[in-house]
Amino acid sequence: MKNLLFICSRNQWRSPTAEAIWRKHPDFNAKSAGTSPRAKKTVSPTDIRWADVIFVMEQKHKNRLKSEFTRMLDHKSIHVLDIPDEYKYMDPDLIQELESAVGAYLDG
């Protein structure tokens, strides 16, 4: 089982949608968190240690993780999905984008 961590800003729409999609998959465990102090769940050192692969929605999320968890990320894969904050939770277009973007990394 691979542990997938999905990160956006406020852990409101994009990363919880990704978590919901991959939580059902038999080969993966999935969690989500946000980089903002006002996130529903703010990313923690425990989340970083738990994750085998980290997916961030935008480059700014990767930058924030790197500045906050520098040493912890030395041996972690972080993938920027380039999915803008223009979707609601479980939006069909968001699901399609996530499946395509994340699938490209997981199928390889």
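Three aromatic pairs are counted in this predicted model. Rings of Phe, Tyr and Trp (its six-membered ring) pair if their centres lie within 6.5 Å; planes under 30 degrees apart count as stacked, over 60 as edge-to-face and the rest as tilted. A pair of aromatic rings is described by the distance of the centres and the angle of the planes. Two of the pairs are set out here.

| Pair | Type | Centre to centre | Angle between planes |
|---|---|---|---|
| Phenylalanine 6 and phenylalanine 55 | stacked | 5.3 Å | 15° |
| Phenylalanine 55 and tyrosine 105 | tilted | 5.9 Å | 55° |

Where do these rings sit? Phenylalanine 6 lies in strand 1 and phenylalanine 55 in strand 3 (residues 53–56), so this pair ties together parts 49 residues apart in sequence. Tyrosine 105 belongs to helix 4, 50 residues from phenylalanine 55. Helices (H or I, at least four residues) and strands (E, at least two) are DSSP runs, numbered from the N terminus.

Cover is the next topic. Buried means under 20% relative accessible area, exposed over 50%, and partly exposed in between (1.4 Å probe, protein chains only). Phenylalanine 6 is buried. Phenylalanine 55 has 0% relative accessibility, so this residue counts as buried. Tyrosine 105 is partly exposed, with a relative accessible area of 39%. Ring pairs join Phe6, Trp22, Phe55 and Tyr105 into a cluster.

Trp22 is also one of the buried residues of helix 1. This helix covers residues 14–23, and nine of its ten residues are buried. Others among them are Arg14, Pro16 and Glu19. What covers the buried residues includes strand 1 (2–8), strand 2, helix 3 (59–68) and helix 4 (92–106).

Another ring has a charged neighbour. Lysine 31 lies over the face of tryptophan 50, at 4.5 Å from the ring centre. A charge sits over a ring if NZ of Lys or CZ of Arg is within 6 Å of the ring centre and within 35 degrees of the ring normal.

Now for a loop residue. Serine 36 is found between strand 2 (28–34) and helix 2 (45–50). Is serine 36 buried or exposed? Its relative accessibility is 15%, so serine 36 counts as buried. A polar atom of its side chain lies 3.0 Å from the backbone nitrogen of arginine 38. Leaving aside neighbours within four places in sequence, serine 36 is in contact (heavy atoms within 4.5 Å) with Ser9, Arg10 and Thr42.

Residues are numbered from 1 along each chain as its sequence is written. In this predicted model, local features need pLDDT of at least 70, side-chain atom pairs count only at pLDDT 80 or more, totals for chains, interfaces and linings use all residues, and side-chain values use heavy atoms, with hydrogens and water left out.

Note on methods. Polar contact = N/O pair within 3.5 Å; in protein donor to acceptor, adjacent residues only side chain to side chain.
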